[in-house]
Each structure stands twice: as structure tokens, then as C-alpha cells.
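Welcome! Take a moment to look over the sequence and the model, and then we can walk through them together.

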Amino acid sequence: MNIMVKSKEELLQQLSDCVFEMDDENAADVAKDYIAAGYEALDGVLKGLVDGMNRAGQMYEEEEYFVTDLLVCSDAMYNGLDVLREHLPQETAEGAVNYKCVIGVVEGDTHDIGKNLVRIMLETAGFEMYDLGRDVPLQSFVEKAKDVDAQLICLSTLMTTTMPGMKEVVDILVKEGIRDKVKVMIGGGPLSQAYCNQINADGYAVNATGAVTVAKQLVGMA
Amino acid sequence: MDSKERLLNALKGVKTDRSPCICPGGMMNMVVTALMEKADIHWPEAHTDPIKMAGLAKAVYDYGCFENYGVPFCMTIEAEQLGAVVDLGSTVYEPHVTGYALEDLSQWNKLPHLDPYSNRANVVLDAIKILKEQADKIPIIGNLSGPVSVATSLIEPVVYYKALRRRKEEAHAFMKFVTEGLISFGRAQIEAGADVIAISDPSGTGEILGPRLFEEYVVTYINQLIDGLREGNPEIPMIVHICGRMHKVYEPLNKLRADAHSFDSIVSIKESKKMLPGKTMMGNVSTFALEFADADRIRLMTQKVMAEGSDIIAPACGLGTKSSLENIQAMLNAVQGK
């Protein structure tokens, strides 16, 4: 029997395509083939799966993909990631910063689809995410950020009624004397850059892909 | 021309002396904390007591906010009747779903049928009956949450949205079940005396679903809902509100059989009138501005929406509870030419 071993580039392209083309059923198998062929897991993640998610994000920017598409893409990504994860190098390089982010929908609001998408995209971009869910008591954001030593808090709401909660989180950070240690990014339907300025938050993102750009800038991620 | 005749005419595209200024209720909430204080009727009690619910709906008209009555003041009743857990909120926060009824979509056929004659659904019906007795010149708007929004209150939205693509057969069976429940609640509201039905489906946006799924699920099931309500009530006018940008979904939107459309304030009335010929447009003074801008600005924004050709003047997505009475009254005064 003659088994053709696929080239690394070919398998990376397949991993990327599985994510981009929403082929959540085959992503794990391709990842297994990739590992079996002896290629580096980290490349499989970054140049394969994450590349596919970035291509999907690009289509979302161009309004060819929609939120539901990105959700299925992310399923494919996570299926592949489950296989590759255990083969990743255990130790991070010396001096490497671990970017941590606390995210949630502020108290009084339960609309979390946008928040979930931002969590996925930030995770894809390399952030370690702490998702507090929806209808989150304001103090909890600050507590969690302190606990895990997060550099970023992301607040989301779709309702005007619950927007003032975002300002309260900023105020709590000031009161606790850690405002300079944590950046605050906000997003959601009724928000704007003007509101971000008004409540002294650090960044506002229009959508999930924008959130990645803003978050990286805020924490100084290359 | 009285408020009821004016609104019913406007909804059917018949000439009126001027545009009506309304806010339906339901997702498009029209009650603010300042009004609760004036009327001395408060949330969350008004969500569970028909006399208080009717009293607060009446106060909206009496204190010069809007030219209609409308109930309820939330979009959680349908989901609660189907098994979701609801936190009734406070004087500021609206009721919201805190626990889903389903872990997995495959369990949908174990859900109870929506009973319109019990619990908070019945509170709404009783409130409509009380309002009906008190006025025949003021239109009563009954509100329903749209099928996709109810569905995403029953099951984790990410699971649901993925199922729309991956498990179509189950997803359609579930949507049909939800829609049938909504038809029974809507019919009961009409029977109790609602003059208009407003359907709000904020979770069924084109931005989330894209045009293909929007047509397959939002248009299909809102139309089933509309048809179900018109059976036996062929004249009942219907308003449909959908959130978010619309430019990708005008084509499927044209297939909706609603009388009037209501959109977010980011949607231009001028553009939507062009893209949806023959439809009545309602809206769309910015909800954000109504809460955070001043009365002068609201007057200008209202005049702009009127100039763009909105047929029924209304806040784009209802009101935030901290909006001032002054701002709301500025909107009504601008419409009334005061």
C-alpha cells in the first residue's frame, strides 16, 4: 500500500479551510492527520485553524459572513484545537506576556450573542479569556480582574437601560486604585466612541473583529 | 380625529390629519422610572398585577407621553409560559430571562404548550380588558415577542443559532411549536380587546442570521404568526419590529405580511421607504438620544424623522427606563405641532 503523506503546507491549508468553510465535522480528523505526520502543533493552530478564523473574520467584515456563520466556523476551530492542544509546547518562552481578559454582559441585560462572538475572536487572537456570562453584577468584573491579574475588562450591553453599569465598573476600578492596571473596552448596539469617552473607558469596538484590533492596541499586544 | 382612528388609519395607509405618536410596549417599552413615580405604580409589581399594569399603561397616555395604551412592559412572558426562568427586575431593569427551559434542542417536544389564560399571560389579558372598559378613543396595542426571540429565550442562543444551520428539521419543528404558542397568546389578546398587535423580534436580525437564514426562519415564522392571528381577525393591524441594520435583508423583508415596519434608528426611514414600497413606516427617534440627549435635540430629531416620511412617529427601540418625561413629551409635542 502506498500512503501519500501530505505536505505540511497542504495540511495547514486544509485546517484553515475546515474552519473557513464551516466544516466542523472534519476539522478534528485533519488535525489528527497533521499531528500523525509529525508537524508542529503550534503552527497547526496559528497557521491553520487561526488563519481560517481570521479569513472568516474578514468575510464578516465584508458582510459576506454573518454571526451564525462565525459560530459554526468557531466550532470547527475548537474541534481542531481539542486535538492539537495536548501537543502544544508546555512552557511559554521566557518573558512572554500572558494576556488575560475578563468579559461579560453587564447587570440587567442578558443579550450575550455579541459577547460570545467577541470572546471567541479574542481567544483566537491569543487572549486568555475569563467569561463571566450575562447579567453580571458590576463588582464581579473587578473582583475577577484582580483575581486573575487581567489587563483587560470587556463590557457588553445591547440596552440603554444597562449602559450606566459600564461607567460604574470604571468607577469601581478607580475607587479600588487599580484603574491604571486594567484597560476597559466596551461594545454593544447602543454604544459609541462618544459614550466611551464620556465614561472614561479606554476603547470602543463596533463589532467582533474590531474588538480584536482595539483589544490588542489597548494591551500593547504585537 | 381621535387617537385610535388616527393610528388605525395610519397603519392601513389611509389619510390622517397628522402622524400619530406612539410606543407599543413589549420589547418597545414605553414606561420610564419617572412615570412610575408620578403614577405611584411601580415595577416589578406592575408586571404581575393587572390593575397596576393597566394603571401604568393608562398613565403613559394621561401624562402626555404617547397616544396609545400598550401592554405588557417586557418580552419575557411567552418564554416564561414555556418554561424559562425569569427575573422580574426592578424599577430600572426590565424583566429578563435568567434560566433556559432547554438544554438541548431535541427536548423541545417536552415543553408545555403556551397557555394564554394563566400566570402573567393572563395578567396581560385582564389588563387589556380593564383598559378596554376605560376608553374607546385610545388604541390598545397588544405585544408579542417574535418567534426567534422567544426561541432564544428558551435555549442558549449559540446552540440555537448553530442548529438553524446544522439541525434544520428539529429547528423548524421547534419554531412551529413556538409560533403556535404565540398565535394562541395573540388571539387571546385580540379577544380581550387589543386593537393592534405589535410583534418584536430583536434576536432575529439580519446581522446575526444573514439574508438566507433571515428568510428561512424570521420571515417564515412571523408570517405564520401573522396569518394565524388574521384567521378570524382579518382586519387586525400588525406592526413588526426588527433590530439592527437592514440593508442586507430588504429583499426577504418585502415578503413579510405586516402592515407596518419598525426599525432601529441606524436605519434611514427614507431608504427603508424606498426599499419597502407600499409599507407603512414607524419610528425611529433614537432610543439612545431619548435617554441621553436634551429636549431641544429630541424636538429636532423628531422633526427630522417626520420630514423623512415616517408615517407613525415612535422611539426606535422603545425607551430606556431612565429617559426623562421632558424628553418624551418633547417628542409628542413636536408631532402635535406644539
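How many residues does the contact take from chain B and from chain A?

## Where the chains meet

In this predicted model, the contact is made of 17 residues from chain A and 24 residues from chain B. On the side of chain B that touches chain A, two or more residues come from each of these elements: strand S3 (96-99), helix H7 (157-166), helix H9 (206-230) and helix H12 (287-292) of chain B. H7(B) gives the most to this side, with six residues.

What kinds of residues make up the side of chain B that touches chain A? Sorted by class, this side holds 11 nonpolar, seven charged and six polar residues.

## Two domains in chain A

Now let us turn to chain A by itself. Its domain assignment gives domain 1, covering 8-87, and domain 2, covering 100-219. Taken over C-alpha atoms, the centres of domain 1 and domain 2 of chain A are 27 Å apart.

## Where the domains touch

The two domains of chain A also meet: nine residues of domain 1 are in contact with six residues of domain 2. On the domain 1 side of this contact, helix H3 (41-61) and helix H4 (67-84) of chain A each supply at least two residues.

Methods:
Residues are numbered from 1 along each chain as its sequence is written. Chains are lettered from A and ligands numbered from 1 in the order in which they are written. This is a predicted model: local features need pLDDT of at least 70, side-chain atom pairs count only at pLDDT 80 or more; totals for chains, interfaces and linings use all residues. Domain bounds come from an automatic or database domain assignment. Two residues are in contact if their C-beta atoms, placed from the backbone, lie within 7 Å. Helices (H or I, at least four residues) and strands (E, at least two) are DSSP runs, numbered from the N terminus. Ala, Val, Leu, Ile, Met, Phe, Trp, Tyr, Cys and Pro count as nonpolar, Asp, Glu, Lys and Arg as charged, and the others, Gly among them, as polar.
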